[in-house]
Structures are given as C-alpha cells and as structure tokens.
Amino acid sequence: MTEFLQQIINGISLGSVYALISIGYTMVYGIIKLINFAHCDIFMVGAYTGYFAITTLRLGFIPALFFSMAVCALLGVVIERVAYKPLRNSAKETLLITTIGVELFLQNIIKTKALAGPNVLNFPEVIPTATFKIGGLQFSNIQLITLGISVIMCAALQFLISKTNTGRAMRATSYDRDAAALMGININRIISVTFAIGSALAATGGIVFGMLYPKLEPIMGVMPGLKAFVAAVLGGIGIVPGAMVGGLSIGLIETLSKVYISSGLSDAIAFIILIIILLVKPTGLFGKRNVKV
Amino acid sequence: MKETYKKYIKVVIGLIVAYAVFQILFQTGMINSYYNRIIRQIGIFLISALGLNLILGFTGQFTLGHAAFMSIGAYTSAILTRNFGVPFLLALIAAAFTAAVLAIIIGYPILRLTGDYLAICTLGFGEIVKVFIQNVDYLGGARGISGIENKSGFTVIFVLAALCFAIIMNLIHHSSKGRAILSVKEDEIAAQAMGINTTKYKIIAFAIGCGMAGLAGGLFAHFSQFIDPKSFDFSKSFELMTYVVLGGMGSLSGTVIGTSILIALPEWLRGLSDVVKEYRMLIYAIMLVSMMLFRPQGIMGTKEITVAGLKNFFGKIKRIFRSSSTSVNKGKEA
Amino acid sequence: MSLLSVKNLTIRFGGLLAVNDFNLEIGEQELYGLIGPNGAGKTTVFNMLTGVYTPTGGSITFDGERIDGIKPYNITAKHIARTFQNIRLFGNLTVLQNVMMGYDYQAKSGLFSSIIRTPKQIKEEEKMHEDAMKLLTIFHMEDLAEEKAKNLPYGQQRRLEIARALAANPKLLLLDEPAAGMNPQETAELTELIRWIRDEFKISILLIEHDMKLVMNVCEKITVLSFGQLLAAGKPEEIRNNPRVIEAYLGKRGA
C-alpha cells in the first residue's frame, strides 16, 4: 500500500510536467487546428535556456524560470509568425511538415558549438534536493516544487482564459475564427498570445523536468512531448482543463505500469490507451462534438 | 489497345536503357561505391515513399506510422533469411505480405477516423510496434539484429522500384479502382453516392502502400545489414512524409525527385566543407521550411513528368536561349 | 406497379419526429416533384431514399425490392442515382473522370487485373472512356472533357453532376434542388434539360425544389411536405389550388 501511494506521488509529479507541455499542444490546436510538433522542442529549448540562465548568467531559480519563459514565449511567437502564418490556409500536411522542419531546426541549432554543443549536459542543482518522509512515504522538495509550479501555472492560465478579455477573445477564436474576426477580434494577436502562453508553459515544464531528470540533450523533448501530446488527446484536444487531467493521468499510468506491469512496455501502454480512446470516443474524455478551448 | 501496349514497350525499353547506363557507370567506376550506396538507399526509400504517396497523396489518408510497416518488413525478412535460411526474394515477398496483412487488420478499425485523429492513431501504432520489438528478445530487443546478409543489390532495387511505380501508375491513372481511390480523397459522400464503398478502397490503398513499406523494409535490412527498432521510429515516418510532400502529394515522379533530393542533399552538404558539414542538418531544416513556405504544393504538384511535358519544357528553354542569342546578335549589328 | 413505393416512412432524431408517416408512389418514367417550406423534411426524405439515414419505421420499395436501411454505396447498384444541393463534384479530377466515376461501380475488372492491366481490363477501360465521351457529347461538354471539374462555371457544374449521375445507369434520378443558385434563364434551360433527360433516357425523376415555378412547369405529379407530414399529393393544378398548401406556404392570411 505504501509502495502504491509512493508511486502515486511519483506519477503525479511526472504527470504535472506532462500537463504543462500538453496545454501548449491543446491551446494551439484549439485555435488553429494544428498539431505543432515543434512544441516539444520549445520544451527542450526551455530547459537549455534555464541551464544557461543558471550557469552562465548566474541567476537564481525564480529569475531563471521567468527568463526562460520569456525567451520561449518570444521564440514561439517568432516561429508562428515566420513559419506557420504564411501557410495558414494551405494543406494540413504542408503545415505539419513545416512544424517538423522547425523541430529539426531547433534540435540542430542547439547542437551547434556556439550554443550547447552535441554533448549531454547536466542540469545544475539550483535548489539542493531534500527528501523528507511522512509515514513511510518519501517526498523530495523537487517533486513538491514541480507540483506547486504546475498548479500555479494552470490556475493562472484558467483565470486568464475564463476571466480576462484576451481569454474571452481566445475562446471566441477557437469557436469560430471567421466570426471572431468579424466581431473585431485581432486574430493574429490572439494566435500570437496563444503561442506565447503555450511556449512559456512548455519552458516551465522544461525547467522542472530538468530538475527531476537532470540530463539535457537536443532530443530530450521528443518522448515527453509525445506523451504530453497523448495527454492532450486523452483529455480532448483543444480543451485546457482536459489537457491538465490528461497529463496527470498519463503520468500516473506510466509510473504505475512501469512498476506493476513492465518497465519496458510502459511506453506502449500510453499509446494503446490513446488508440482505444480514439476508437471509442475520438473527442477525448472531456470532448464535446465541437472542440473548444 | 495496341497503342497502350506500344506505350508499354517504349517504357520498358526506356527502363532497360536507364538500367544499362547505370550499370556501365558502376562498372567503369564513374560512379564509385560510395555513390552506388547512396543510389541504392534512394531506391529503397523511394519504394516506401511511393507507397506512402498512394495513402497520403492519392487516397488522402493522413498516416504517420509508415516507418512501422517498414520495420515489420525488415524484421520479417531478416528473421526469415537469417534464422530459417529462406531465399532472399521469398523473404522480400513475405515482408511485403506481412506488412500488408497487418495494415488490413489495423486499417479496418482505424481508417474510420479522419484527418488529425487518424494521424495521431497511426503515430501511436508506430510507437507500439517499436516498443513491442524492443521487448521481444527473439527479435534482438533494443539491441537490434546484426549480421544480416548483404543482398540488396542495385538490380533488385531498380526492378522493384520500377515495379512499384508501375503498380501505382496503372492503378491510379488507368482503372476504375484507381478513380474510386481518388474519389475518396476528393469527396467521400459523393463517392458513396456513386456506388463506391469508401472504407473498402481506403483499406485497399492502405494495404498496398504499407505492403510497399514492408518491401522497402526488407530491402533495407539486407542493405544496412543491421536493424534496430529505433531506426524505424516516428521520425523516420516524418522523413518519409517529407519526401512525398516535397515532391508533391499525388505525383509519382515528384516522389522520385523528392526522395532523391532529400537523401542526396545531406550527403552532398557533408562533402562540401567542414563548416557545412557541421551545419548540414540545420541547412536541411531551413531548406525544408523554406520549400514549404514558397512552394507548399511540392515540386511537381499533382503533375507527372511526361515525354510531351519534357519536350515542351526543353522547347521553352530553347526559345529563351534563341531569343537571347538573337538579341545579342542585334546588339552586335547596332 | 409503381417503380418507387414509400409507405408510412418515419424517422426520429432523439425526441424529434422529423418525418412522420410519409407516403410516396412514383411510376415508370414519371417526373415527380417533392416540395415544402424550409425545414419541412424534404432533404431528410431524400437522405432516407439514398441510404444516408436509416428510417425508424415504414418501408421503401424500389423495383420490387426493399431498399430501406441499406448502405448509400449499395443504393447506386439498385439503379438510383442522385445529385446534391450544394454540388459535390470531384473537383480535382477532370470532367471526363467525373463521368467515368459513374460507370466505375459497374466495372468487372478486379484489383489485380487493374494493376497488371490485362487486355480485358484495357478494353473495359476504353469502352468506359468511349461511353463517357458519348454522354458528354449529348450534354455538349465534349470540349471540356480534360478540364478540371472545379474550373467549370456554375451552370456547367450542375450539368456535369447530372451527367455523372446518368452514367451510373439509374432507373430513378433524384435531383436535390437543381435550380439553387441559377438565374431565370438557366432555370428555363434546366426545365428543358430535365424533360429531355426523361424522354431520352426513359427514366423517372424525383425533384426536390424550392422553386415552385420550376416544379409546376416540369412535374407531372407533386407531393407537398410540411413539418414532416404529408400535406397533399396530386397533379400540379390540384396542388396549386389546395388551400392547405397555400396556407403552409403563405400563412393563414394568404389562404
């Protein structure tokens, strides 16, 4: 029983990282119906930016976090403006290939000697790890911080979407882009804001992931990215709270299946669940007929 | 009917000439073994990309799991030749067949999905195949299988690539089945109103396309002599998709061009200089994105290269050349 | 015996009774009109006839055979063909390919003989090509055969869609608002075309239409549908003077 609870704790902390990444997928899909494969590399850039902010710029944890968020938000907006916007009305495959092109670009630019180089880097221990025990259960402060940051970010996002004018405009745009444009909403601005927020959250995810698993490499975003993507679909792609729940579920499923089923097959289980969900209820757990933010 | 056969005889003669030219170039050493290897690699991935074009370009079904079917073909053929001593060609047929049968089994439930959902589902399937192979010791697990015989020579690749090209060409452009497949992409509801069982044709196209992926996988195993699950993950599926989209979805000659460029380009960049070598994948990425931005329909669009088209093209160039040379002459006279 | 016989046709969507107890009899080579105000359930009836919806109750008998509830792509083989209200051509295919699509479900060559192109398959393909060209010639569209369908002007697209449906060798042709978006002159031409098709191809035609004038001009018999209920059926002049029909179209005061 203790073992089980322990795995639940581990699963939730991993799942909260997935939730942070999957929100970006889901928001972008909700607004422009695009699966942004480059999103997982924004996550990677976020982790690297955090690394440089802490080691080279000697920033503390919180400033480094904000710095990384700002860099990634800017990066997300620039990518959308340069690479995606001109293709907004062309075939889906074309746009998807472009996101893959951007993904390759990000992975390879990080690899260059001017930036990080091809070698694996170790994320600095910016907050000394401390573990404490409560009744046989082991917590690390890193896990608590991860969870805390995720909860704060999600709450802030939820506030933004439901209570502010920008959030209202985002919801309107995802419901019907043309109608929103006719109502005087600046669609380009809303899309930029969406990319900025999604990318900033991915950066947060990158930094907390770096603290949990301190190994940085250019392709580090791929697997967490895929799983976060599964999480977004699981929760109903385009639905923000769905992405959060989906992220936590995938984290839990992965951790538990690693322990109780097979460590090798745990990656496949997420995808098996994905396929079953798609076949039984393609709009995801929280999806309605029309997918909305 | 006579005309059709005359045309086919011409095509076959053309292919034999092309084959002979390649062989002469290989024998005389004008194409060295390094380039020979690249050409064979292009041929192998071309077979897979042609299959993908049938699914993606002609039938309009968005799949991101094509590499998984390559891996199924690769493992099937490698196990057959290595562990059971099955002849190479028979193992290739088995590879294509296994991939096609699996495509039918999984295609039946998932081809009901459309667009992005189908893409996600096939992507997930590809990852499942990868993880499955990683966990089966008999298949070498994550370490892969090495010591596969080197059997994929230029001849067999050339013949099979030409065959796959011809199969899709005949099917799509000269048959009622092909029009049914095209109609699925254009408008499913109208296709059904014309008596087309759209699900059936989706599955047919998917099975043929994946069969070709299986065949290419079998060739690849006996080309690189080593296979592991990671060489067929979703990034390989993406790569195959870039070949098809760059060439033009719905153009077979476009797929030939796209595959050739995208495999040759990184190799060519590698040869240029040390600086380029370091940045070659970066350059590749930039070229890919700019290609999509400036010519999103791909190099060929949905057109094919035809003899008449080539004549027209060269005629235009000639005219431009002539008009410029006459204007030069006029300049001299003045 | 009538060609198409619809008895007590009913369909419910959840709690909504979209069509209730609908009856329709169409004879051989008859020009039949189905009219009714917006939202009366005309298209729903159409969708049940073409297999898109499965009726909750009642029966559809065509040529002595029950066809209710079978799949849309099997309806064509029973010799019923249709056009769509918002033209659905295969836009990126040529005009010729569009018409050939009509023959395709009748093709005998299998997948394998298509791939290796047996002499039989080549002959069949050439025959289809010929037939399609003949049909296009009848429609005065032979010069457009190699154009992409999406590049045709609107009126030509309508005609092409009808030609494609005729290629499927129907005994009953269903036209869903063929005059939608046409100007008066084009509508007049369409009237002629519909009559001419019936005489030339010796088939029955069921027309769903908003344009009262077109229906009154063309159809020999008319059924009026209102709020999913059958309101009246009969010859055009009977319908024209039926007070219930006038009420449904113009409101109580009009009557």
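The model shown in every view is predicted.

**View 1. The two domains of chain B.** Chain B is divided into domain 1, residues 1-31, and domain 2, residues 32-326. Taken over C-alpha atoms, the centres of domain 1 of chain B and domain 2 of chain B are separated by 23 Å. At their boundary, 11 residues of domain 1 of chain B are in contact with 11 residues of domain 2 of chain B.

**View 2. The surface buried between the domains of chain B.** About 840 Å² is buried between domain 1 of chain B and domain 2 of chain B, and carbon and sulfur atoms give 72% of this area. On the side of domain 1 of chain B, the residues B:Tyr19, B:Phe26 and B:Ile31 supply 55% of the area buried against domain 2 of chain B, more than any other three residues. By class, the side of domain 1 of chain B that touches domain 2 of chain B has eight nonpolar, two polar and one charged residues. Between domain 1 of chain B and domain 2 of chain B there are zero salt bridges, and two residue pairs are in polar contact.

View 3. The unreviewed UniProt entry carries the annotation "transmembrane region" for several segments of chain B, among them residues 117-133 and 153-172. In the predicted model, residues 117-133 of chain B are 100% helix and 0% strand, with the end C-alpha atoms 25 Å apart. Residues 153-172 of chain B are 95% helix and 0% strand, and here the end C-alpha atoms are 29 Å apart.

**View 4. The interface of chain B and chain C.** In this view, 29 residues of chain B are in contact with 35 residues of chain C. The two chains bury about 2900 Å² between them, 63% of it on carbon and sulfur atoms. B:Met1, B:Arg179 and B:Met194 supply 26% of the area that chain B buries against chain C, more than any other three residues.

**View 5. Polar and charged pairs between chain B and chain C.** Three salt bridges are counted between chain B and chain C. In one salt bridge, the side chains of B:Arg179 and C:Glu125 meet at 2.9 Å, N to O. There are also 13 residue pairs in polar contact between chain B and chain C. Several helices of chain B each supply at least two residues of the side that touches chain C, including helix H1 (2-27) and helix H9 (198-224). H7(B) gives the most to this side, with seven residues. The side of chain B that touches chain C has 15 nonpolar, 10 polar and four charged residues.

**View 6. The interface of chain A and chain B.** The contact takes 44 residues from chain A and 36 residues from chain B. Chain A and chain B bury about 3500 Å² between them, with 83% of it on carbon and sulfur atoms. A:Glu93, A:Ile97 and A:Leu279 supply 18% of the area that chain A buries against chain B, more than any other three residues.

View 7. Helix H3 (61-84), helix H4 (92-111), helix H9 (222-234) and helix H11 (266-280) of chain A each supply at least two residues of the side of chain A that touches chain B. The largest share of that side, 14 residues, comes from H4(A). The residues of the side of chain A that touches chain B divide into 30 nonpolar, eight polar and six charged.

Notes
Residues numbered from 1 in each chain as written. Chains lettered and ligands numbered in written order. Predicted model: local features only at pLDDT ≥ 70, side-chain atom pairs only at ≥ 80, totals over all residues. Heavy atoms only, no water. Domains from an automatic or database assignment. Contact = heavy atoms within 4.5 Å. Buried area = accessible area lost by both parts, 1.4 Å probe. Salt bridge = Lys/Arg side-chain N within 4 Å of Asp/Glu carboxyl O. Polar contact = N/O pair within 3.5 Å; in protein donor to acceptor, adjacent residues only side chain to side chain. Nonpolar A, V, L, I, M, F, W, Y, C, P; charged D, E, K, R; others polar. UniProt positions renumbered as here; feature names shortened; annotations may be inferred. Helix = DSSP H or I, 4+ residues; strand = E, 2+ residues; numbered from the N terminus.
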